[in-house]
Amino acid sequence: MISLRQLTKSFGAQTAVDGLSFEVAAGQIVGFLGPNGAGKTTTLKMLTGMLEPSSGTATVCGFDLRREPIEIKRRVGLVPESGAVFESLTGLEYLEMVASLYGIPGDAALDRIKQFISFFDLGFGTLTDKLLGAYSKGMRRKVVITAALLHNPPVVFFDEPLDGLDANAAVGFKALIQTLAREGKTIVYSSHILDVVERVCDRVIIIDKGKLLVDGRPDELVAAGGAATLEGLFTQLTGGGEIARRAADFARTFRP
Amino acid sequence: MSRPPAAPTERTLRRLFLTLFLRGRTSRGTRKDSAPSSVGSKLLGTLAIYGLMGGLALMFVGQTVFALSVYLHGMTFVFIGMFVAASSGEVLFNKEEADILLHRPVTPRALLRAKVGVLVRVSLWLAGAFNAVGLVVGAFSAGAAVWYPLVHAVSTALEALFCTALVVVVYQLCLRWFGRERLDGVMTTAQVTIAVAVVLSGQLVPRMTRPLQGRPALRADAWWMGLLPPAWFAGFDDALAGSGVAASWLLAAAGLAATGSALWLAFGVLARDYGAGLQTLGESGSLPAERPGRRRLLHGLVQAPPLRWWLRDPVTRASFLLSAAYLARDRDVKLRVYPAIAPLLCMPLVFVLQDATHRSSTSNPGLGLAFAGSFLALVPAFGLSLLRYSQQWQASDLFRAAPLAGPAPLCHGARLASLLFLGLPLIVCLGGLFGVLQGDLSHLVFLLPGAIALPVLALIPCLGGNAVPFSLPGEEAKAASRGLSMFGMMMAAMALSGLVLAARAYGWFWWLIMAESMAALAIRAWLRARVATARWSSME
């Protein structure tokens with residue numbers, strides 16, 4: 001469903017993504033991990049047609065990223081890390097606008113929106129009367145997730161989707177993506193909350209400095225790395241081994 | 001109730017961008033019916049006042065079609081050009097929009113067309129309001145055809161298209177020629193240049209065409225008319241609904257060719273560069289690192305006298321550094337402040353040049369300097385009022401969270417930055433230019449009234465603690481009303497310079513200076529006391 005071949009992105013002299021290659025089959029939930037600045041968001045932006053690769057290419061749903069970006073955009077959903085929305089629209093106006101961009105007729109869009117607000121426990125009155133600028137972070141995140149799934153895309157990219165969601169919504173969301181994957185959707189899940197990734201994802205890809213470090217099932221990777229958890233493996237691979245000692249040293253500087 | 005079928009993408013985008021323009025892009029309001037309608041309501045107010053200003057066209061009753069149209073197109077060019085130049089940065093290149101729209105099945109060309117459609121539509125509202133009286137007056141102009149209103153409406157629409165396409169072309173050429181790394185700086189420069197060119201062109205055309213006695217002519221000494229956009233569109237009116245002389249047809253042809261070329265370049269040839277420009281905004285990695293030399297210079301300035309004495313308070317110093325940094329680095333702030341201030345410099349420049357170059361013939365030497373000084377005294381206050389706006393306005397919650405009794409020190413820091421980086425350089429440059437051109441520095445004393453008023457005027461935006469830097473959403477500073485602020489400033493500057501000239505004529509100049517200095521000291525003390533007692537307003 002997704003295939004990267006030596007995908008590279010440079011910003012001037014800085015290489016953010018460095019020759020990344022991997023494949024993702026339909027129905028998989030792939031955890032896409034890396035420390036800050038590793039190139040995760042840049043990779044997701046390239047795979048959704050938001051950024052043009054410097055070299056290499058990728059296909060999504062069989063369409064080439066360079067030649068057919070609009071076909072790809074029709075078939076992917078993205079929950080961006082920023083959670084940006086047009087704050088001066090109401091939730092309903094925003095979602096209807098998004099539906100129009102994918103050619104979803106008004107009636108069908110409204111039915112679909114109602115299904116989502118029911119799932120997310122959002123009141124329809126809130127959606128019609130309140131401007132998005134006045135929504136809480138969690139409510140706004142629910143709208144952004146709805147906007148990503150409204151057109152029923154076969155491939156969905158989530159960049160820190162749980163940011164701002166309360167515990168109940170987070171549990172519901174995790175169940176939702178697992179069900180979506182069982183129904184054949186491909187899900188790429190980028191997050192720093194590693195225990196969630198470990199529980200939800202079939203497969204984990206860890207990158208650092210734009211390069212692929214490891215790729216495999218979470219339990220197999222943890223076992224092969226001799227770590228107790230995915231978090232342990234992550235810090236081991238990305239140079240965070242000293243972090244506990246450094247944090248303790250730093251905390252001591254706060255002593256009166 | 002049955003809902004409509006899916007709207008075509010471009011119609012959806014046009015509706016979206018018009019809604020965003022009228023409501024503003026950010027909101028702290030809670031409900032749709034109490035949405036920040038300020039932009040929309042401001043726009044309505046602005047349209048009403050433009051309509052009233054358009055009444056000045058009544059002065060042209062009985063004059064030729066060309067004379068009336070030159071005036072109408074000159075002023076329309078200023079309003080539309082200013083609006084498009086100042087609004088286009090925010091409308092065309094909004095950073096957050098990349099995360100919302102670039103992964104949707106929308107082409108850059110469709111985005112561009114929808115945004116330009118909104119700019120043209122609002123431009124036409126402004127132009128329509130200003131030209132409403134002129135349309136009627138034109139029907140009664142000497143030698144006018146009855147279809148003048150229709151012809152003028154078409155030429156005004158062409159002018160709006162030309163202005164918008166020109167700005168888009170300039171941006172796209174910047175993208176293509178200067179690369180992504182330098183895009184921010186180059187775009188700001190381009191926008192300031194366009195704003196200055198538009199104002200100069202709009203202000204100067206009616207003055208320059210006076211010797212032609214209301215008729216376009218194929219004359220060697222009038223070749224420059226072919227270079228001025230307002231003259232093209234006035235020629236269009238005169239060709240189709242006026243004298244119909246050969247020169248009018250030539251000007252009309254130039255206008256049509258220029259508009260066609262600008263549209264073709266903007267939407268045909270360069271549109272794909274627009275997608276690259278939008279991507280650039282999403283590429284945080286492409287932002288150039290701050291040059292360490294510039295940072296050292298700013299911090300060096302603050303550490304050295306006299307700033308070290310003025311900025312003893314650490315909060316004032318921090319606010320000064322923040323304001324100075326944003327004036328130097330932040331694209332959004334630069335695009336708002338400099339293009340808005342640049343046109344304010346045109347009139348002082350024209351007056352100073354007239355003063356300096358007609359020193360023997362003028363009966364009022366120093367008139368230009370007095371006017372320029374009064375005009376420039378308003379610049380820091382205007383700049384300070386614009387420094388309140390930012391796309392990152394929510395970050396200013398930090399100020400309220402800090403243990404500060406009120407916003408006074410923050411306002412003072414921003415005020416000092418505005419005085420130092422906007423007001424002072426302009427006065428020095430203008431005085432220097434006058435000195436170089438005329439060689440006689442004695443007339444520079446006419447800058448004094450403006451210079452004395454400057455620090456007092458800069459305190460006015462601070463009243464009530466309202467000049468906290470970067471604390472309001474950018475949309476609230478919408479550009480449509482900027483032309484009106486400028487008009488009000490011009491009137492105030494003229495009143496002050498009139499006072500100076502009267503004092504000079506009666507031999508009271510130095511008495512005026514003394515009285516103004518004392519009044520300035522007293523008012524300044526009163527204003528500072530008022531600002532110091534200001535407390536944080538309720539955060540809605």
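**Chain B: surface, a helix pair and one threonine**

Chain B exposes about 22,700 Å², and carbon and sulfur atoms supply 67% of that area. Keep in mind that this is a predicted model.

Some bookkeeping on the chain. Of the 540 residues in chain B, 53% are buried. The secondary structure of chain B comes to 21 helices and two strands. If we take the contacts in chain B with a separation of 6 or more, 83% of them join residues 24 or more positions apart.

Now to one pair of helices. Two packed helices are described by the angle between their axes and the distance between the axes. The pair here is α15(B), residues 367-377, and α18(B), residues 408-438. Their axes come within 10 Å and cross at roughly 170°. Angles over 145 degrees count as roughly antiparallel, so α15(B) is roughly antiparallel to α18(B). The crossing of α15(B) past α18(B) is right-handed.

Which residues meet there? From α15(B) we have Leu369(B), Ala372(B) and Leu376(B).

Is Thr164(B) buried or exposed? Its relative accessibility is 1%, so Thr164(B) counts as buried, the cut-off being under 20%. Leaving aside residues up to four places away in sequence, Thr164(B) touches Val84(B), Val116(B), Leu119(B), Val120(B) and Ser123(B).

Key:
Residues numbered from 1 in each chain as written. Chains lettered and ligands numbered in written order. Predicted model: local features only at pLDDT ≥ 70, side-chain atom pairs only at ≥ 80, totals over all residues. Heavy atoms only, no water. Axes fitted to C-alpha atoms, helices over the stretch in contact; angles between N-to-C directions. Helix = DSSP H or I, 4+ residues; strand = E, 2+ residues; numbered from the N terminus. Parallel < 35°, antiparallel > 145°, perpendicular 65-115°, else oblique. Left-handed = near helix turned anticlockwise from the far one by under 90°. Contact = heavy atoms within 4.5 Å. Buried < 20%, exposed > 50% of the residue type's maximum accessible area, 1.4 Å probe, protein only. Areas by Shrake-Rupley, 256 points an atom, 1.4 Å probe, with all protein chains shown as cover.
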